[in-house]
Amino acid sequence: MRRAAIFRRMSRRRKSGIPKFFLLFAVIGIVIFLIIRLLSPDAHQEAYEAVDQFYQLEQESNFAGSWELFHPYMKSKFDKNYYIQGRNHIFRQHFGVTTFDYDIGSPEKLSDWSISNPPELPLLEEVYKFPVTQLYKSKFGTFEIVQDVFVTNHEGEWLILWSYQ
């Protein structure tokens with residue numbers, strides 16, 4: 001009889017140990033998932049960082065660098081040298097500004113977006129739209145330019161587009 005009691009006690013311990021193991025495994029899995037989720041940026045965060053990098057380069061008058069962040073659709077609209085000279089001429093020479101401040105608004109996720117209307121190029125499946133406000137203090141006074149900036153992932157890189165609709 002004593003053996004039966006010991007056997008029953010051992011089997012009870014085994015039964016109660018199995019759910020604890022699965023519970024522990026589930027908790028560890030959830031913790032790992034949350035850590036990975038927190039460490040890997042969301043798509044809209046990566047898109048935001050591309051817009052921020054673009055305008056940081058523009059602030060520094062590094063128009064060659066900002067042009068490199070354009071999507072191929074944009075690069076087809078502007079020759080690199082034309083873009084560099086045009087941006088420098090308009091903002092630096094005409095407006096007389098050396099830098100500007102900017103604010104990036106909240107993103108809006110769009111699907112099947114086109115750079116032009118009617119679409120001249122294939123639609124882009126996933127695009128984030130950010131309103132950007134640039135504040136200039138020039139020889140003509142203080143003024144703002146508000147422009148919607150669009151960002152999409154092209155071959156693993158988040159790139160900038162403007163709308164021509």
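Good morning. I begin with the aromatic rings: there are 20 aromatic pairs in this predicted model, where rings of Phe, Tyr and Trp (its six-membered ring) pair if their centres lie within 6.5 Å, with planes under 30 degrees apart counted as stacked, over 60 as edge-to-face and the rest as tilted. One of these pairs joins phenylalanine 70 and tryptophan 162; the ring centres are 5.1 Å apart and the planes stand at 80 degrees, so the pair is edge-to-face. Phenylalanine 70 belongs to the loop between helix 3 and helix 4 (72-75), whereas tryptophan 162 is in strand 5, so this pair ties together parts that are 92 residues apart in sequence. Helices (H or I, at least four residues) and strands (E, at least two) are DSSP runs, numbered from the N terminus.

Tryptophan 162 has a further partner. With phenylalanine 78 it forms an edge-to-face pair, 6.0 Å centre to centre and with 80 degrees between the planes. Phenylalanine 78 is located in the loop between helix 4 and helix 5, and tryptophan 162 in strand 5, so this pair links parts that are 84 residues apart in sequence. Phenylalanine 78 and tryptophan 162 are both buried, as is phenylalanine 70. Here buried means under 20% relative accessible area, exposed over 50%, and partly exposed in between (1.4 Å probe, protein chains only).

A ring also takes part in a contact with a charge. The charged end of lysine 77 sits over the ring of tyrosine 164, at 4.3 Å from the ring centre; the criterion is NZ of Lys or CZ of Arg within 6 Å of the ring centre and within 35 degrees of the ring normal.

A word on conventions. Residues are numbered from 1 along each chain as its sequence is written, and side-chain values use heavy atoms, with hydrogens and water left out. As the model is predicted, local features need pLDDT of at least 70 and side-chain atom pairs count only at pLDDT 80 or more, while totals for chains, interfaces and linings use all residues.

Now the chain as a whole. The protein chain contains five helices and five strands, and along the sequence they follow the pattern α-α-α-α-α-β-β-β-β-β. Of its 165 residues, 28% are buried. Among contacts with a separation of 6 or more, 59% are between residues 24 or more positions apart, contact being heavy atoms within 4.5 Å.

Let us turn to helix 5. Helix 5 covers residues 80-94, has 15 residues, and reaches 20 Å from its first C-alpha to its last, close to the 21 Å expected at 1.5 Å a residue; the expected span is 1.5 Å times one less than the number of residues. Its N-terminal end is capped by aspartate 79, a side-chain oxygen of which lies 3.3 Å from the backbone nitrogen of asparagine 81. Which residues of helix 5 are buried? They are Tyr83, Arg87, Phe91 and Arg92. Their cover includes helix 2 (43-59), helix 3 (63-68), strand 3 (124-138), strand 4 (141-154) and strand 5 (157-162). Just after helix 5, glycine 96 adopts a positive phi of about 70 degrees.

That leads to the backbone. Most residues other than glycine have a negative phi, and most peptide bonds are trans. Serine 61, in the loop between helix 2 and helix 3, has a positive phi near 60 degrees, and its relative accessible area of 30% makes it partly exposed. Aspartate 112, in strand 2, has a positive phi near 50 degrees and is exposed, with a relative accessible area of 52%. The peptide bond from asparagine 117 to proline 118 is cis, with omega near 5 degrees; proline 118 is placed in the loop between strand 2 (108-113) and strand 3.

Serine 114 is also in the loop between strand 2 and strand 3. Is serine 114 buried or exposed? Its relative accessible area is 7%, so it counts as buried. A polar atom of its side chain lies 2.6 Å from the backbone oxygen of serine 116. Leaving aside neighbours within four places in sequence, serine 114 is in contact with Pro119, Leu123 and Gln165.

At 29% relative accessibility, glutamate 46 is partly exposed. Thank you.

Technical notes
Polar contact = N/O pair within 3.5 Å; in protein donor to acceptor, adjacent residues only side chain to side chain.
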